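User: I'd like to learn how to read a few features in a structure. Could you walk me through them one at a time?

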Amino acid sequence: MSNIELKCPYIKKCSGCQLSNLDYPAQLSFKQTRVIKLMGKFCHIDEIKGMERPYHYRNKMQSAFFKKNGKTVSGIYQSTTGRITETESCLIEDELSNEITLACRKLFESFKMKPYNEETKSGFIRHLLIRRGFATNEIMMVIVTAEGKFPSSRSFVNALVKKFPEIKTIVWNINDTELFLSLGEKSEILFGDGYIEDILCGLKFRISPHSFYQINPVQTEYLYNKAKEFAELKPTDTVIDAYCGTGTIGLIMAKEAGKVIGVEVNGSAVNDAIKNAELNGITNESFYCDDAGEFMASLAEKGEKADVVITDPPRAGCSREFLQSLVKLSPRRIVYISCNPETLARDMQYLLHKGYRAEKIQPVDMFPHTRHVECVVLMTKVQK
Ligand code: SAH
């Protein structure tokens, strides 16, 4: 590991990185201890996989804008206080995305696009979302505004694309909700195709504005390969990839399985998943747009079986309905990927009482400097 530690100049003002007062090895041991406390009683915990260089790892940057002394400035929205911390750079964000954000500050000013003010409900620019495919170097920009007219969009786009040829698409999105960093339903493509592509574990993936995509590609490859290793697939296996997002994990495993079924509640992610299967010539996976719990329950009701189930739920963990049906489907192996060790421990406890054994737990540092810790877990069915 590189022993050069960088220090963030915004440490006192920004609450984004809760652990940046600790050096990196101390952060890793803090996370390891947290996982051991919650799950050490279930089985041995492998040593957390840290990053060689834990900086500028994020492929997704979201910035807010405001006026200061008559000038447009940008920064990081603090969800805890609703304030924006003015920043010029960030140690965990992508550096090129940061440069584009700084260029946008100036452009918003010259095109007289005022930042939106939450209190007075006036102004236009709500936030800027930039995603970069680290493997392809393709950039997607989503300019999120309040209702209104986008002034001279063609000149705006030309100015940006000329300066940053990596920009492959620019989407204008209207967020008419109260939620600060969300995207609204209405979008217009100002440039390109409305999506970018990236490569993970040798496969191509399409990323569009609304769909989920892991934000740390270096660690994601490690995580997905670990999940695949834990799955120990056989060519006849039926695999379920639950909470599949754009299909990444299931598609990476599809070549080694008989068939794969992906389920995901977000329609635009499912569309991307279908495209992703096509892009990679994968024909043995089908995708369903449904609540994962309801979908599993309907499979269990029909008496279906699965050999391996991969589950990667949001922070709330798996629903009780999901877990009950999972047990009925009776897979040989369950590979559980989790971004919240508390709900993971709760769900493992349930499965331990229903005939499963905890075999392996691998923590992965997907979000250096923050308190978050990801884990990939293997549980196997106890033979009676
Ligand atoms: N496995 C994917 C996505 C994981 S994030 C990847 O690694 O990229 C969790 C996903 O669960 C998100 O795509 C979210 O839209 C989806 N999700 C949230 N609640 C859900 C539910 N009740 N049923 C199915 N999918 C759900």
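User: What does a side-chain oxygen of Asn 340 reach at the start of helix 9?

Analyst: A polar contact is a pair of N or O atoms within 3.5 Å; within protein, one must be able to donate a hydrogen and the other to accept it, and residues adjacent in sequence count only if both atoms are side-chain atoms. Here, the side-chain oxygen of Asn 340 comes to within 3.0 Å of the backbone nitrogen of Glu 342, at the start of helix 9. Bear in mind that this is a predicted model, where local features need pLDDT of at least 70 and side-chain atom pairs count only at pLDDT 80 or more, while totals for chains, interfaces and linings use all residues. Residues are numbered from 1 along each chain as its sequence is written, and side-chain values use heavy atoms, with hydrogens and water left out.

User: How many residues does helix 9 have, and what does it pack against?

Analyst: Helices (H or I, at least four residues) and strands (E, at least two) are DSSP runs, numbered from the N terminus. The expected span of a helix is 1.5 Å times one less than its number of residues. Helix 9 has twelve residues and runs 16 Å from its first C-alpha to its last, close to the expected 16 Å. Buried means under 20% relative accessible area, exposed over 50%, and partly exposed in between (1.4 Å probe, protein chains only). The buried residues of helix 9 include Pro 341, Leu 344, Met 348 and Leu 351. For packing, contact means heavy atoms within 4.5 Å. The buried residues of helix 9 pack against helix 1, helix 8, strand 14, strand 15 and strand 16.

User: Where do the buried residues of helix 1 fall, seen down its axis?

Analyst: Start with the list: Tyr 24, Gln 27, Leu 28, Lys 31, Gln 32, Arg 34, Val 35 and Met 39 are the buried ones in helix 1. They fall within an arc of 160° seen down the axis, so they line one face of the helix; the arc is that of the directions from the helix axis to the C-beta atoms. Those residues pack against helix 9, strand 15 and strand 16. As for length, the 16 residues of helix 1 should span 22 Å, and its end C-alpha atoms are 23 Å apart, which agrees.

User: Is Glu 47 buried or exposed?

Analyst: Exposed, because its relative accessibility is 67%. Glu 47 sits in the loop between helix 1 and strand 1. Setting aside residues up to four places away in sequence, Glu 47 touches Gln 32, Gln 362 and Pro 363.

User: What about the ligand: which residues come nearest?

Analyst: A residue is near a molecule if one of its heavy atoms lies within 4 Å of it. Of the 16 residues around the ligand, Tyr 224, Glu 264, Asp 291, Ala 292 and Asp 312 come nearest. A polar side-chain atom of Gln 214 lies 3.1 Å from a ligand oxygen, and a backbone N or O atom of Tyr 243 lies 3.0 Å from a ligand nitrogen.
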